[in-house]
Amino acid sequence: MAAAAPGGVAGLCRLLLSLLAAVPAAGGSRGAVGGMLYPRESPSRELKELGGVWSFRADFSPGRAAGFEQRWYRRPLRETGPVIDMPVPASFNDITQDPNLENYIGWVWYEKEVLLPQRWLQDNLRVVLRFGSAHYYSVVWVNGVQVVEHEGGHLPFEADISSIVQGRPQIPCRITVALNNTLTPHTLPPGSIEYMNDRTRYPKNYFVQNIRFDFFNYAGIHRPVVLYTTPSVYIDDITVTTTSTESVAKVQYQVSVVGSTFYSLSLSLRDQEGRVVATGDGPAGVLKVSNPNLWWPYLMHENPGYRYFLEVKMQAQANEALLEDVYTLPVGIRTVHVTSTQFLINGKPFYFHGVNKHEDADIRGKGLDWALMVKDFNLLRWLGANSFRTSHYPYAEEIMDLCDAYGIVVIDECPGVGIKMPESFGNKSLQHHLVVMEELIRRDKNRPSVVMWSVANEPAAELPPAAYYFKTLIAHTKALDPTRPVTFVTDTNYAVDRGAPYVDVICVNSYFSWYHDPGHLEVIPLQLTAQFENWYKTYQKPIIQSEYGADSVPGLHSDPPLMFSEEYQKAMLREYHSVFDKKRKEYVIGELIWNFADFMTNQGTTRVLGNKKGIFTRQRQPNAHYNQKSDQLKHSRACS
């Protein structure tokens, strides 16, 4: 990504690297404070989706600061200058024919006006504005009043806007969002701005956004925006953990209520047929379920993804009125345990037969798309895959819901990708990383499909600061959630990896005969076997091959196999799978191919319209080598 901006290099540096700290802070809120329950309608809660066409304007001014200097949030965006239509949810990059917008870096502005139902404006009712995600840094105003700001492009944030909209019947609620996609050494993922000062080669004030990850840095409001209501006294958070024996399961719960200290809580747990199987009361307790239906992964049980539904009812007195709030949380009863050679789900060995994915598609970029999402799950099950990693950031809650329902096991990864620079291991980066893990666990802690947290992908784990960084980060993650193992995905040599001592499962990426010894398929058995044996001998921990693969250009053939041909891709997979079949009998507990589908990247001499390692094309058509992977999955399933 590149741009030329007037105003001088020094001024541009101050703008792009200090921009996030310079946002007006009035009314803002940061960090993982309070609950983040997924918005669901109930007898006490209503929901209004705000997807569709929004007004949009990119700030192309010198310094990208005109929107703040001129206070665009104070009046309708159309009055500030030219606006265009922009779909939400979607990335803005590929919507127009403007290459300047495709590669834009800086602030963009969104706006939507919406009329609220009259009943939403009464006392004793909260109106909440919630964003599923927006990449990367967001500032939000309602009717010109700042209500929230949020750093991070892949997790939800919200604001109570009741005091702003109530008392203003029949007046549209104007929602304004300023969004900045600049990445610095301390963002997650990190990046850096590089200034090209050679006037004989580059225009004046020319700069590029450098990133150390291999996917396109799409930006925009990527996930649903909703308004929802609750009573003024409301259920703020629910935490559930489960244990089980053959005949009895225990569902331990904790409920947080905000708005009053005088309330009562009653709980009922229903099975999928609607029958009440356990009841309880109070903010904390244990529900016992006799002869439980456990949550099992896909292909591990005839009824995978079984969920109960925990209905929580709260009653409270407020302003001489009786308020009631109702929230229903899906619950899967399952356990996870790691030994030195196995990964156990409900006490039985589980082998990760799966893929890595990306939220990526034509036109919409990383925007949530229901048709694409359902298609992907149909393809996963058609392949016989039972798992995936959310490479390299948390995926939409709607995707996670389907994982819970279908029994697709998830390694839930935060956006810690591209942590390569020494300055990205400092205290400033670490503190933000800790907050991101708090937000991720707050969002996904109750999901049975999530069996492990991944705190990073391919960091420079050989650097001296990595030891303290990952020791602290993993300890913090375990303190937040002691029920799940924690890992990070490494491509560092086993002998110098300073973060590996702190993980529960070794996840290793390697591309023998591709990035290493390119074109030499014959080295794979020796190098891959040595990789596994060295890691296990050093750490005595189970190992997942978390990435492997080769690019292929559809229709390109070569016999004998040559790189980028379909035949080479098939041959490479065959060599890897033969080693997996041997080592899974010892301590290898999974294989996640890179990648489920082709995806877009930055332009480069090694990329032809993106990364081509997918089992499927970007349009979800099978690549020629998919049969090799499908056969492997089905063969391994029979061995489970």
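**View 1. A three-stranded open sheet in a predicted model.** The order here is β16-β17-β20, an open sheet of 3 strands with antiparallel pairing. Strands (E, at least two residues) are DSSP runs numbered from the N terminus, as are helices (H or I, at least four residues), and two strands count as paired if DSSP finds at least two bridges between them. β16 (234-244) and β20 (284-290) each have a single partner strand and stand at the edges, so one side of each has no neighbour in the sheet. From one strand to the next the twist averages 25°, taken between N-to-C directions of lines fitted to C-alpha atoms, on a scale from 0 to 180 degrees. This is a predicted model, where local features need pLDDT of at least 70 and side-chain atom pairs pLDDT 80 or more, while totals for chains, interfaces and linings use all residues. Residues are numbered from 1 along each chain as its sequence is written, and side-chain values use heavy atoms, with hydrogens and water left out.

**View 2. Zooming in on β16 and β17.** β16 runs antiparallel to β17 (residues 248-258), and 10 bridges join them. Look for I235: V257 in β17 stands opposite.

**View 3. The largest pocket.** A pocket is an open set of points on a 1 Å grid where a 1.4 Å probe fits, with protein on both sides within 12 Å along at least five of seven lines; lining residues have an atom within 4 Å of a point. The largest pocket holds about 770 Å³ of space, the volume being what probe spheres set on the points fill. Of its 34 lining residues, E458, D491, N509, Y511 and Y515 lie nearest the centre.

**View 4. What lines the largest pocket.** α9 (524-539) and β31 (506-509) each supply at least two lining residues, and α9 gives the largest share, 5 residues.
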